[in-house]
Amino acid sequence: MKYDTRLCWLPFLGDTVKAGFTTCREMAEAELAIGLRNLGYEPPVCVLETPGEDEGYEIQETPGGLTIRGGTRGVLYGAYSLMMRLAAGQSPLTAWTAPCRSLRMLNHWDNMSGAVERGYAGRSLFFDNGKFAYDSRRLLRYGRILASVGINTVCINNVNVETPADQLITDELLPEVRKVADLLRPFGIRLLIAIDFALPMTCGLTTADPLDGSVRGWWEKQVARVYAAIPDLCGFLVKADSEFRPGPGLYCRNHAEGARPIARALAAFGGTLVWRCFVYNCQQDWRDRQTDRPKAAYETYAPLEGLFDENVILQVKYGPYDFQVREPISPLLYAMPATKKALEVQLTQEYTGHQIDLYYMLPQWQEILSDLKGAEPRYISAVSNLGNDANWTGHDLAQANLFAYGLFAWYAVVDTAAVTRWWIALTFGEDPRVEDVLLDMLLASRELYESYTAPLGLGWMVNPNGHYGPSPEGYEYSAWGTYLRADRQGIGVDRSPSGTGFVLQYPPDKAALYGDVKTCPEELILFFHRLSYTHTLPSGKTLAQHVYDTHFEGARRAEAMAERWNALEGRVPAEAFDNVRARFILQARNAREWRDVVNAYFYRYSGVADEKGRVLY
Ligand code: GCV
């Protein structure tokens with residue numbers, strides 16, 4: 001069969017989705033009619049809805065054919081699963097499966113202008129020029145792609161709700177939001193809307209103080225209006241007191257107080273308030289050594305355990321900084337066991353290569369989850385990597401991150417290699433040579449990217465603002481709280497109990513592990529400790545030599561990856577071949593630049609000669 005990589009991983013469904021349905025069951029039957037025919041599968045497939053169930057499903061053999069039995073949304077998930085299994089040459093049968101997490105969210109950072117904040121795949125799928133502007137056929141395909149991997153909640157607007165034009169719940173824009181909700185409903189997808197904490201003031205109130213009665217009443221009225229338009233809305237998403245966005249701090253209220261009036265208004269309609277915890281002082285004085293940015297979220301929220309309403313979910317980034325390549329898990333995720341939490345990951349490659357460099361995230365997510373054993377958040381959210389580029393994600397191979405995210409969100413623990421192979425087979429067919437090469441490349445991509453960028457958990461050596469390419473001190477002289485504090489003696493911040501004390505926010509076993517330089521995992525050693533350049537790492541190398549060696553090796557491997565891809569010419573569709581080849585060439589160049597800049601930086605500060613004589617400047 002002819003396949004087209006622009007279609008993500010469902011080429012057997014073609015590029016048209018039937019419209020006009022209201023239920024997942026109708027959608028499931030329509031999709032099966034197209035997909036099974038294209039896959040050449042003839043036995044009858046029966047779709048049965050199980051009363052009282054929502055998302056679970058099973059696929060069983062019945063006389064002469066197959067039966068998908070599932071809940072309201074489960075029947076659609078079952079239909080995609082069946083077709084995706086057949087398409088990859090697997091048995092279609094599945095025992096009953098239901099998701100580990102009831103909210104599997106995708107957050108777009110799309111502005112009404114059409115620009116996507118931290119977007120590397122073109123412009124918004126939803127907005128342009130201050131208006132809703134989308135191709136509804138493409139939005140139906142978007143719904144199909146998301147539903148095929150079980151994503152059930154999307155926020156289409158940026159958490160930075162900055163201009164009056166970005167406020168989606170106004171009388172003018174709400175009917176437009178409703179149309180999108182209607183389009184996505186048959187895919188089992190509900191909307192979240194990002195709202196501005198200070199919206200009451202944009203709309204004429206003199207305050208947004210959450211303890212003010214008029215503010216409470218105002219939110220009640222707005223929420224009632226929104227639910228009249230979209231009765232199955234999931235709820236609101238809020239970024240407050242964060243990076244210049246207004247929040248309860250303006251009124252000396254804490255975040256539980258800040259969330260309460262909005263949460264109560266939503267609760268009346270069964271709605272959820274997703275409240276982000278990306279809170280820190282972004283105007284920090286570099287001389288202030290008491291303030292340590294990674295400590296901020298825990299300091300803000302942990303004391304509020306038990307004070308948030310039942311329908312509030314705290315959305316916490318996986319690391320205490322901001323989606324760096326290597327960070328420890330945020331200590332807030334181990335805290336507040338009685339509070340609902342969502343793990344936030346970032347599919348869009350803000351600090352991880354801008355969808356130019358290859359960076360496959362599933363191994364990292366699995367690592368996060370295994371570290372969180374016993375404290376796994378019940379919900380999950382990912383910042384979208386999608387845009388209006390023909391291939392959705394800029395880099396063809398970045399589609400793998402969306403696919404893996406959906407399965408990871410559903411199953412929590414997955415077989416990394418099996419999921420990755422499944423994506424490869426669906427996207428590129430079943431050529432074992434292509435599978436081998438791609439599997440290797442994807443699974444090694446994070447360590448590769450890490451090896452030529454900021455070393456040993458240090459982070460933040462990126463060019464400011466854009467966050468692509470090297471600039472070791474790009475953030476050193478600004479107020480964002482991301483200091484490396486390098487000098488002739490050493491580099492890094494001491495976060496042990498005798499330093500900033502950040503480690504003490506962890507459970508005791510983790511605090512002991514990270515707090516002692518002798519036990520701290522090597523890959524995080526500069527996150528937690530300040531070390532001299534001649535410090536001997538567990539590998540036996542000095543810090544400086546480790547940096548030189550990893551950077552030379554990383555740049556070499558990036559080059560080798562580009563060559564390995566070239567050998568696949570003719571085995572993958574020409575458009576995909578060219579798309580990836582062009583990016584691998586850029587990645588190899590980026591890796592060389594990182595190598596030279598980071599090595600020179602460490603050499604000049606340390607004066608430690610490279611024992612192989614390669615670092616000369
Ligand atoms: C949406 C980082 C990004 C911002 C982003 C912010 C957030 O700081 O650089 O673009 O804003 O995270 O997650 O809110």
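User: Which residues is F236 in contact with, leaving aside its neighbours within four places in sequence?
Analyst: This is a predicted model, in which local features need pLDDT of at least 70 and side-chain atom pairs pLDDT 80 or more, while totals for chains, interfaces and linings use all residues. Residues are numbered from 1 along each chain as its sequence is written, and side-chain values use heavy atoms, with hydrogens and water left out. Contact means heavy atoms within 4.5 Å. On that basis the partners of F236 are I169, L192, I193, I195, W219, V223, V226, I262, L266, T272, L273 and V274.

User: Which residues touch the most other members of the largest nonpolar core?
Analyst: A nonpolar core is a set of buried Ala, Val, Leu, Ile, Met, Phe, Trp, Tyr and Cys residues joined through side-chain atoms within 4.5 Å. Buried means under 20% relative accessible area, exposed over 50% and partly exposed in between, with a 1.4 Å probe and protein chains only. The largest such core has 206 residues, and those touching the most other members are W9, Y142, F236, W275 and I491.

User: Which helix gives the most to this core?
Analyst: Helices are DSSP runs of H or I with at least four residues, numbered from the N terminus. With ten residues, the main contributor is helix 15 (residues 543–566).

User: Is Q545 buried or exposed?
Analyst: Q545 lies in helix 15 and touches A609, D610, E611, K612 and R614, not counting residues up to four places away in sequence. Its relative accessibility is 3%, so Q545 counts as buried.

User: Is L524 buried or exposed?
Analyst: L524 sits in the loop between helix 13 (508–515) and helix 14 (525–528). Beyond its neighbours within four places in sequence, L524 is in contact with R326, E327, P328, L456, G457 and Y514. Because its relative accessibility is 7%, L524 counts as buried.

User: Are helix 1 and helix 2 roughly parallel or antiparallel?
Analyst: Axes are lines fitted to C-alpha atoms, for helices over the stretch in contact, and angles run from 0 to 180 degrees between N-to-C directions. Helix 1 (residues 24–39) and helix 2 (residues 74–87) pack at about 10°, with axes 8 Å apart. Angles under 35 degrees count as roughly parallel, over 145 as roughly antiparallel, 65 to 115 as roughly perpendicular and the rest as oblique. Helix 1 is therefore, relative to helix 2, roughly parallel.

Note on methods:
Helix = DSSP H or I, 4+ residues; strand = E, 2+ residues; numbered from the N terminus.
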